[in-house]
Amino acid sequence: MRAGDFADFAIFVAIAEEGSLRAAAARLDLRPSTVSHGLRALEARLGVRLFHRTTRSVALTEAGQALLARIAPALSTLEAADEAVNDFRAHPTGQVRLSVPRGIASCVLLPKLRAFAERFPDVRLDIAAENGFVDMA
């Protein structure tokens with residue numbers, strides 16, 4: 001399965017949930033022609049019509065209903081996974097090791113540590129304040 005196939009499934013679900021290609025395009029921040037092309041590509045790949053289309057509305061076919069029942073929960077799971085990974089980017093976690101001379105540690109780092117710890121509570125700092133070489137390994 002290609003990456004574009006997932007986009008076509010997302011387009012399909014948006015059309016089904018919004019009830020129109022134009023509303024789906026607005027929701028996905030795509031051009032209506034892109035949404036239409038994605039739907040046509042998915043229908044061609046699957047070999048079935050997924051919607052009954054008129055100039056005013058779209059309605060799921062039986063095949064479209066079956067696909068929506070299977071694909072909507074899967075896409076929801078993928079979106080939740082994407083959000084979970086994005087949380088790591090928004091909220092750094094882990095350990096940071098620093099090796100700094102004592103003078104820099106007391107003059108530069110210490111005044112900033114409280115603000116850093118409050119902003120990034122899930123980051124653990126391991127600071128070696130030595131005037132000599134420290135092997136970080």
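Colleague: What makes the meeting of the side chains of Glu43 and Arg53 a salt bridge?

Modeller: In this predicted model, the side chains of Glu43 and Arg53 come together with an N to O distance of 2.5 Å. A salt bridge requires a side-chain nitrogen of Lys or Arg within 4 Å of a carboxyl oxygen of Asp or Glu, so the pair of Arg53 and Glu43 at 2.5 Å meets the definition. The two residues are 10 residues apart and link distant parts of the chain, Glu43 being in helix 3 (residues 32–46) and Arg53 in strand 1 (residues 51–53). Helices (H or I, at least four residues) and strands (E, at least two) are DSSP runs, numbered from the N terminus.

Colleague: On what basis may the numbering and the values be read?

Modeller: Residues are numbered from 1 along each chain as its sequence is written, and side-chain values use heavy atoms, with hydrogens and water left out. As this is a predicted model, local features need pLDDT of at least 70 and side-chain atom pairs count only at pLDDT 80 or more, while totals for chains, interfaces and linings use all residues.

Colleague: Is Glu43 called buried or exposed, and why?

Modeller: Glu43 has 9% relative accessibility. Buried means under 20% relative accessible area, exposed over 50%, and partly exposed in between (1.4 Å probe, protein chains only), so Glu43 at 9% is buried.

Colleague: Which residues are in contact with Glu43?

Modeller: With neighbours within four places in sequence left aside, Glu43 is in contact (heavy atoms within 4.5 Å) with Val48, Arg49, Leu50, Phe51 and Arg53.

Colleague: How many salt bridges does a search of the whole structure find?

Modeller: The search finds 4. One of the pairs is Glu17 with Arg27, whose closest N and O atoms are 2.8 Å apart. Because Glu17 lies in helix 1 (residues 3–18) and Arg27 in helix 2 (residues 21–28), this pair ties together parts that are 10 residues apart in sequence. Glu17, at 47% relative accessibility, is partly exposed, as is Arg27 at 40%.

Colleague: What is the N to O distance in the salt bridge of Arg97 and Asp126?

Modeller: The side chains of Arg97 and Asp126 meet at 3.4 Å, N to O. This pair links distant parts of the chain, 29 residues apart, with Arg97 in strand 3 and Asp126 in strand 4 (residues 123–129). Arg97 has a relative accessible area of 45% and is partly exposed; Asp126, at 32%, is partly exposed too. There is also a network, in which salt bridges that share partners join Glu17, Glu18 and Arg27.

Colleague: Why does Val96 count as part of a nonpolar surface patch?

Modeller: Val96 belongs to strand 3 (residues 94–100) and has a relative accessible area of 33%. Val96, Phe116, Leu125 and Ile127 together make a patch of about 260 Å², an accessible area from the Shrake-Rupley method with a 1.4 Å probe, for which only the protein chains shown count as cover.

Colleague: What makes the approach of the Thr61 side chain to the backbone oxygen of Arg49 a polar contact?

Modeller: The distance is 2.8 Å. A polar contact is a pair of N or O atoms within 3.5 Å (within protein, one must be able to donate a hydrogen and the other to accept it, and residues adjacent in sequence count only if both atoms are side-chain atoms), so the value of 2.8 Å lies within the limit. Thr61 sits in the loop between strand 2 (58–60) and helix 4 (62–90), and at 10% relative accessible area it is buried.

Colleague: Which residues have the most contacts inside the largest nonpolar core?

Modeller: They are Phe12, Ile15, Leu50, Phe51, Leu67 and Ile71, in a core of 17 residues. Helix 1, helix 2, helix 3 and helix 4 are the elements that give two or more residues to this core, and helix 1 gives the most, with 6 residues. A nonpolar core is a set of buried Ala, Val, Leu, Ile, Met, Phe, Trp, Tyr and Cys residues joined through side-chain atoms within 4.5 Å.

Technical notes. Patch = residues over 30% accessible without salt bridge, like charges linked within 9 Å, V, L, I, M, F, W, Y side chains within 5 Å.
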